[in-house]
Amino acid sequence: MSFAIDSAITASGNCFKGQIAPGWDIQGNANGGYLMALGARAMAAASRPHPVTVTAHFLSPGKVGEVTVEPHIIKTGKGFTTVRASMSGPQRQILELLGSFSELESVDGAVLVDAQPPELPAPEDCPRVVPDERGFPPPMMGRVDMRLHPEDANFARGRPSGRPLVRGWIRLLDDEPMDAFSLMLIADAFPPTVFNANLPVNWVPTLEMTTQIRGIPEPGWLRCKFSTRFISGGVLEEDGEVWDASGRIVALSRQLALMPRG
(Lines give C-alpha, C1' and ligand atoms only; values in the text may rest on other atoms or scores of the structure.)
Protein backbone atom coordinates (compact mmCIF):
# COMPACT_ATOMS: atom_id res chain seq x y z
CA MET A 1 0.00 0.00 0.00
CA SER A 2 1.15 3.55 -0.67
CA PHE A 3 1.62 6.36 1.85
CA ALA A 4 -1.18 8.35 0.18
CA ILE A 5 -3.62 5.46 0.64
CA ASP A 6 -2.48 4.70 4.18
CA SER A 7 -2.90 8.34 5.24
CA ALA A 8 -6.19 9.03 3.47
CA ILE A 9 -9.14 10.59 5.28
CA THR A 10 -12.86 10.86 4.51
CA ALA A 11 -15.42 13.42 5.64
CA SER A 12 -17.95 12.20 8.21
CA GLY A 13 -20.36 14.91 9.35
CA ASN A 14 -18.40 17.67 11.09
CA CYS A 15 -15.25 15.55 11.40
CA PHE A 16 -13.02 13.26 9.35
CA LYS A 17 -12.29 9.55 9.64
CA GLY A 18 -9.05 7.77 8.87
CA GLN A 19 -7.19 4.57 9.60
CA ILE A 20 -3.83 4.12 11.28
CA ALA A 21 -2.51 1.48 8.92
CA PRO A 22 -0.20 -1.34 9.99
CA GLY A 23 3.49 -1.07 9.23
CA TRP A 24 4.02 2.61 10.09
CA ASP A 25 4.91 1.88 13.71
CA ILE A 26 7.80 1.86 16.16
CA GLN A 27 7.37 -0.92 18.74
CA GLY A 28 3.62 -0.95 18.03
CA ASN A 29 3.19 2.84 18.25
CA ALA A 30 2.49 4.74 15.03
CA ASN A 31 5.25 7.09 13.88
CA GLY A 32 4.63 10.69 14.91
CA GLY A 33 5.17 12.18 11.46
CA TYR A 34 2.72 9.69 9.98
CA LEU A 35 0.11 10.70 12.57
CA MET A 36 0.73 14.39 11.87
CA ALA A 37 0.24 13.81 8.15
CA LEU A 38 -3.04 12.02 8.79
CA GLY A 39 -4.29 14.89 10.97
CA ALA A 40 -3.01 17.57 8.59
CA ARG A 41 -4.92 16.02 5.67
CA ALA A 42 -8.15 16.55 7.61
CA MET A 43 -7.14 20.10 8.55
CA ALA A 44 -6.35 20.91 4.91
CA ALA A 45 -9.65 19.44 3.73
CA ALA A 46 -11.41 21.81 6.13
CA SER A 47 -9.41 24.89 5.09
CA ARG A 48 -6.74 25.34 2.41
CA PRO A 49 -4.86 22.59 0.54
CA HIS A 50 -1.31 22.83 1.92
CA PRO A 51 0.11 22.83 5.45
CA VAL A 52 2.63 25.63 5.95
CA THR A 53 3.32 24.92 9.61
CA VAL A 54 1.78 22.31 11.90
CA THR A 55 2.54 21.75 15.57
CA ALA A 56 1.45 18.56 17.30
CA HIS A 57 1.38 17.68 20.99
CA PHE A 58 1.44 13.93 21.48
CA LEU A 59 -0.97 12.81 24.20
CA SER A 60 -1.02 9.04 23.84
CA PRO A 61 0.33 6.40 21.41
CA GLY A 62 -1.48 5.82 18.14
CA LYS A 63 -2.43 2.19 17.54
CA VAL A 64 -3.63 0.47 14.37
CA GLY A 65 -7.31 1.20 13.80
CA GLU A 66 -9.78 3.98 13.13
CA VAL A 67 -9.13 7.57 14.18
CA THR A 68 -11.36 10.63 14.17
CA VAL A 69 -10.00 14.11 13.42
CA GLU A 70 -12.09 17.14 14.41
CA PRO A 71 -10.78 20.35 12.82
CA HIS A 72 -11.90 23.82 13.90
CA ILE A 73 -11.20 26.97 11.90
CA ILE A 74 -9.74 29.66 14.13
CA LYS A 75 -9.15 32.37 11.52
CA THR A 76 -9.34 32.71 7.75
CA GLY A 77 -7.19 35.46 6.27
CA LYS A 78 -6.25 36.53 2.75
CA GLY A 79 -3.37 34.09 2.47
CA PHE A 80 -3.54 31.70 5.40
CA THR A 81 -6.11 29.80 7.44
CA THR A 82 -5.37 28.84 11.04
CA VAL A 83 -6.82 25.50 12.11
CA ARG A 84 -6.92 23.60 15.40
CA ALA A 85 -7.65 19.87 15.42
CA SER A 86 -7.91 16.91 17.78
CA MET A 87 -7.19 13.33 16.75
CA SER A 88 -8.75 10.55 18.79
CA GLY A 89 -8.78 6.79 18.68
CA PRO A 90 -11.53 4.51 20.00
CA GLN A 91 -10.48 4.98 23.64
CA ARG A 92 -8.42 8.17 24.02
CA GLN A 93 -7.17 11.35 22.42
CA ILE A 94 -3.92 10.89 20.49
CA LEU A 95 -2.89 14.33 19.21
CA GLU A 96 -3.71 18.00 19.59
CA LEU A 97 -2.72 19.99 16.50
CA LEU A 98 -2.47 23.65 15.51
CA GLY A 99 -1.50 24.76 12.02
CA SER A 100 -1.55 27.35 9.26
CA PHE A 101 -2.65 26.34 5.76
CA SER A 102 -2.34 28.04 2.39
CA GLU A 103 -1.79 27.43 -1.34
CA LEU A 104 1.97 26.89 -1.59
CA GLU A 105 2.03 27.51 -5.34
CA SER A 106 0.79 31.07 -4.80
CA VAL A 107 3.25 32.02 -2.04
CA ASP A 108 5.88 34.40 -3.39
CA GLY A 109 8.55 36.73 -2.04
CA ALA A 110 12.27 37.24 -1.49
CA VAL A 111 14.51 34.20 -1.06
CA LEU A 112 17.52 34.03 1.27
CA VAL A 113 18.91 30.61 2.20
CA ASP A 114 21.96 30.73 4.46
CA ALA A 115 22.68 26.99 4.28
CA GLN A 116 23.47 24.19 1.84
CA PRO A 117 22.08 20.67 1.46
CA PRO A 118 24.10 18.14 3.47
CA GLU A 119 27.01 16.61 1.61
CA LEU A 120 26.32 12.92 1.09
CA PRO A 121 27.88 10.06 -0.87
CA ALA A 122 25.70 8.83 -3.73
CA PRO A 123 22.62 6.88 -2.57
CA GLU A 124 24.12 3.61 -3.81
CA ASP A 125 27.14 4.25 -1.58
CA CYS A 126 25.03 4.76 1.55
CA PRO A 127 23.71 1.73 3.50
CA ARG A 128 19.99 1.17 3.19
CA VAL A 129 17.96 0.84 6.38
CA VAL A 130 16.13 -2.50 6.29
CA PRO A 131 14.04 -3.76 9.24
CA ASP A 132 14.58 -7.31 10.43
CA GLU A 133 12.49 -9.83 12.36
CA ARG A 134 13.75 -8.47 15.69
CA GLY A 135 11.92 -5.18 15.09
CA PHE A 136 15.07 -3.07 14.82
CA PRO A 137 15.14 -0.97 12.77
CA PRO A 138 11.37 -0.56 13.27
CA PRO A 139 8.87 -1.65 10.59
CA MET A 140 8.04 1.87 9.40
CA MET A 141 11.58 2.33 8.08
CA GLY A 142 10.83 -0.44 5.61
CA ARG A 143 7.95 1.61 4.20
CA VAL A 144 10.44 4.12 2.74
CA ASP A 145 13.74 3.85 0.88
CA MET A 146 16.21 5.33 3.39
CA ARG A 147 19.98 5.46 2.92
CA LEU A 148 22.13 6.72 5.81
CA HIS A 149 25.44 8.53 5.53
CA PRO A 150 28.06 5.85 6.27
CA GLU A 151 29.50 7.93 9.12
CA ASP A 152 26.07 8.05 10.81
CA ALA A 153 24.97 4.43 10.31
CA ASN A 154 27.31 2.52 12.63
CA PHE A 155 25.22 3.00 15.78
CA ALA A 156 23.30 -0.09 14.62
CA ARG A 157 26.55 -2.06 15.04
CA GLY A 158 27.26 -0.61 18.46
CA ARG A 159 29.69 1.99 17.12
CA PRO A 160 27.97 5.41 17.40
CA SER A 161 29.80 8.36 15.85
CA GLY A 162 29.73 10.33 19.11
CA ARG A 163 27.89 13.24 17.44
CA PRO A 164 24.08 13.57 17.73
CA LEU A 165 23.75 13.85 13.96
CA VAL A 166 21.96 11.77 11.31
CA ARG A 167 22.14 12.47 7.57
CA GLY A 168 20.84 10.58 4.60
CA TRP A 169 18.74 10.14 1.48
CA ILE A 170 15.09 9.16 1.46
CA ARG A 171 12.19 8.64 -0.92
CA LEU A 172 8.87 6.82 -0.90
CA LEU A 173 8.74 3.32 -2.32
CA ASP A 174 7.91 2.62 -5.96
CA ASP A 175 8.63 6.26 -6.91
CA GLU A 176 5.44 7.41 -5.20
CA PRO A 177 5.24 11.21 -5.67
CA MET A 178 6.01 13.40 -2.67
CA ASP A 179 3.56 16.03 -1.45
CA ALA A 180 3.39 18.38 1.52
CA PHE A 181 1.97 15.65 3.75
CA SER A 182 4.67 13.10 2.93
CA LEU A 183 7.23 15.72 3.99
CA MET A 184 5.67 15.59 7.46
CA LEU A 185 6.37 11.86 7.53
CA ILE A 186 9.92 12.32 6.24
CA ALA A 187 10.67 14.90 8.95
CA ASP A 188 10.16 12.20 11.59
CA ALA A 189 11.28 9.09 9.73
CA PHE A 190 15.03 8.92 10.43
CA PRO A 191 16.66 7.28 13.47
CA PRO A 192 16.90 9.61 16.47
CA THR A 193 20.06 11.71 16.58
CA VAL A 194 20.84 10.54 20.13
CA PHE A 195 21.58 7.05 18.82
CA ASN A 196 24.92 8.55 17.76
CA ALA A 197 25.53 10.26 21.11
CA ASN A 198 26.68 7.24 23.14
CA LEU A 199 23.26 6.97 24.79
CA PRO A 200 20.90 3.97 24.99
CA VAL A 201 19.38 2.89 21.67
CA ASN A 202 15.72 2.76 22.61
CA TRP A 203 12.37 4.39 21.87
CA VAL A 204 12.56 8.20 22.03
CA PRO A 205 8.96 9.39 22.65
CA THR A 206 8.08 12.77 21.09
CA LEU A 207 6.34 15.32 23.29
CA GLU A 208 5.88 18.05 20.70
CA MET A 209 6.82 18.51 17.05
CA THR A 210 6.58 21.38 14.58
CA THR A 211 7.04 20.88 10.84
CA GLN A 212 7.23 23.77 8.39
CA ILE A 213 6.59 23.11 4.70
CA ARG A 214 8.43 25.51 2.40
CA GLY A 215 7.56 23.97 -0.95
CA ILE A 216 6.39 20.91 -2.86
CA PRO A 217 9.47 18.80 -3.65
CA GLU A 218 10.71 18.01 -7.13
CA PRO A 219 10.66 14.30 -8.04
CA GLY A 220 13.65 12.31 -6.85
CA TRP A 221 15.66 11.70 -3.71
CA LEU A 222 15.40 14.00 -0.70
CA ARG A 223 18.54 14.94 1.26
CA CYS A 224 18.00 15.17 5.01
CA LYS A 225 19.97 16.33 8.03
CA PHE A 226 18.92 16.02 11.67
CA SER A 227 20.95 17.34 14.60
CA THR A 228 20.74 17.93 18.34
CA ARG A 229 22.62 20.53 20.37
CA PHE A 230 21.03 20.39 23.81
CA ILE A 231 20.37 17.27 25.89
CA SER A 232 19.27 18.37 29.36
CA GLY A 233 16.40 18.15 31.82
CA GLY A 234 15.46 14.69 30.59
CA VAL A 235 14.58 16.00 27.10
CA LEU A 236 16.31 16.82 23.84
CA GLU A 237 15.52 18.82 20.73
CA GLU A 238 16.02 17.54 17.20
CA ASP A 239 16.26 20.00 14.30
CA GLY A 240 15.64 18.76 10.78
CA GLU A 241 16.28 19.97 7.24
CA VAL A 242 14.75 18.37 4.13
CA TRP A 243 16.10 19.35 0.69
CA ASP A 244 14.69 18.23 -2.66
CA ALA A 245 16.49 16.99 -5.77
CA SER A 246 16.88 20.53 -7.11
CA GLY A 247 18.75 21.62 -3.97
CA ARG A 248 15.82 23.60 -2.56
CA ILE A 249 14.84 23.54 1.11
CA VAL A 250 11.31 22.09 1.26
CA ALA A 251 10.80 21.37 4.97
CA LEU A 252 12.17 22.28 8.39
CA SER A 253 11.31 20.60 11.65
CA ARG A 254 11.93 20.72 15.36
CA GLN A 255 10.76 18.21 17.92
CA LEU A 256 11.09 17.91 21.67
CA ALA A 257 11.52 14.32 22.83
CA LEU A 258 12.12 12.38 26.02
CA MET A 259 15.51 10.86 26.63
CA PRO A 260 15.66 7.17 25.70
CA ARG A 261 15.43 4.80 28.62
CA GLY A 262 18.26 2.40 29.33
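This is a predicted model: local features need pLDDT of at least 70, side-chain atom pairs count only at pLDDT 80 or more; totals for chains, interfaces and linings use all residues.
The largest nonpolar core holds 64 residues, and Tyr34, Met146 and Ile170 have the most contacts inside it. Helix 2 gives the most to this core, contributing 9 residues. As general background, nonpolar side chains tend to be buried together in soluble globular proteins.

Helix 2 itself covers residues 32-45 and has 14 residues. From its first C-alpha to its last it reaches 20 Å, close to the 20 Å expected at 1.5 Å a residue. The helix is mostly covered, with 13 of its 14 residues buried. Its N-terminal end is capped by Asn31, which places a side-chain oxygen 2.9 Å from the backbone nitrogen of Gly33. Tyr34, one of the residues with the most contacts inside the core, also reaches other parts of the chain. Leaving aside neighbours within four places in sequence, Tyr34 is in contact with Phe3, Asp6, Ser7, Gln19, Ile20, Ala21, Trp24 and Leu185.

Two of those partners lead on to the aromatic contacts. Ring pairs link Phe3, Trp24 and Tyr34 into a cluster. Across the model, the count comes to 6 aromatic pairs. One of them joins Phe3 and Trp24 in an edge-to-face arrangement, with 5.7 Å centre to centre and 75 degrees between the planes. Phe3 lies in helix 1 (residues 3-6) and Trp24 in the loop between strand 2 (15-20) and strand 3 (25-26), so this pair ties together parts that are 21 residues apart in sequence. Phe3 counts as buried because its relative accessibility is 2%, and Trp24 likewise counts as buried, at 1%. Another pair brings in Phe155 and Phe195: the ring centres are 5.5 Å apart and the planes stand at 55 degrees, so the pair is tilted. Here too, distant parts of the chain are linked, with Phe155 in the loop between strand 9 (144-148) and strand 10 (165-172) and Phe195 in the loop between helix 3 (180-186) and strand 11 (206-213), 40 residues apart. Both Phe155 and Phe195 are buried.

The strands come next. Strand 9 and strand 10 pair in the antiparallel sense over 5 bridges. Within this pairing, Met146 stands opposite Ile170; both of these residues are also among those with the most contacts inside the largest nonpolar core. Further along, Leu148 has Gly168 of strand 10 as its bridge partner. Gly168 in turn has a bridge partner in strand 12, namely Cys224. Strand 10 and strand 12 (residues 222-227) run antiparallel and are joined by 6 bridges. With 7 of its 8 residues buried, strand 10 is therefore largely enclosed by the rest of the structure.

Strand 9 is also mostly covered, with 5 of its 5 residues buried. In a regular strand, side chains alternate between the two faces of the sheet. In strand 9, Val144, Met146 and Leu148 point one way, whereas Asp145 and Arg147 point the other way, and all are buried. Val144, found in strand 9, counts as buried because its relative accessibility is 0%. Not counting residues up to four places away in sequence, Val144 touches Arg128, Ile170, Arg171, Leu172, Leu173 and Leu185. By contrast, Val144 and Leu256 lie 23 Å apart in space, C-alpha to C-alpha, and 112 residues apart in sequence.

Ile5 is found in helix 1 and is exposed, with a relative accessible area of 51%. The C-alpha atoms of Ile5 and Leu120 are 31 Å apart, and the two residues are 115 apart in sequence. Backbone angles give a further point of interest. Most residues other than glycine have a negative phi. Gln27, however, has a positive phi, near 55 degrees. Gln27 is found in the loop between strand 3 and strand 4 (29-30) and is exposed, with a relative accessible area of 55%. Asp175, which is not a glycine either, has a positive phi of about 55 degrees. Asp175 lies in the loop between strand 10 and helix 3, where it is exposed, with a relative accessible area of 63%.

Note on methods. Residues are numbered from 1 along each chain as its sequence is written. Side-chain values use heavy atoms; hydrogens and water are left out. Helices (H or I, at least four residues) and strands (E, at least two) are DSSP runs, numbered from the N terminus. The expected span of a helix is 1.5 Å times one less than its number of residues. Buried means under 20% relative accessible area, exposed over 50%, partly exposed in between (1.4 Å probe, protein chains only). A polar contact is a pair of N or O atoms within 3.5 Å; within protein, one must be able to donate a hydrogen and the other to accept it, and residues adjacent in sequence count only if both atoms are side-chain atoms. Rings of Phe, Tyr and Trp (its six-membered ring) pair if their centres lie within 6.5 Å; planes under 30 degrees apart count as stacked, over 60 as edge-to-face and the rest as tilted. Contact means heavy atoms within 4.5 Å. Two strands pair if DSSP finds at least two bridges between them. A nonpolar core is a set of buried Ala, Val, Leu, Ile, Met, Phe, Trp, Tyr and Cys residues joined through side-chain atoms within 4.5 Å.
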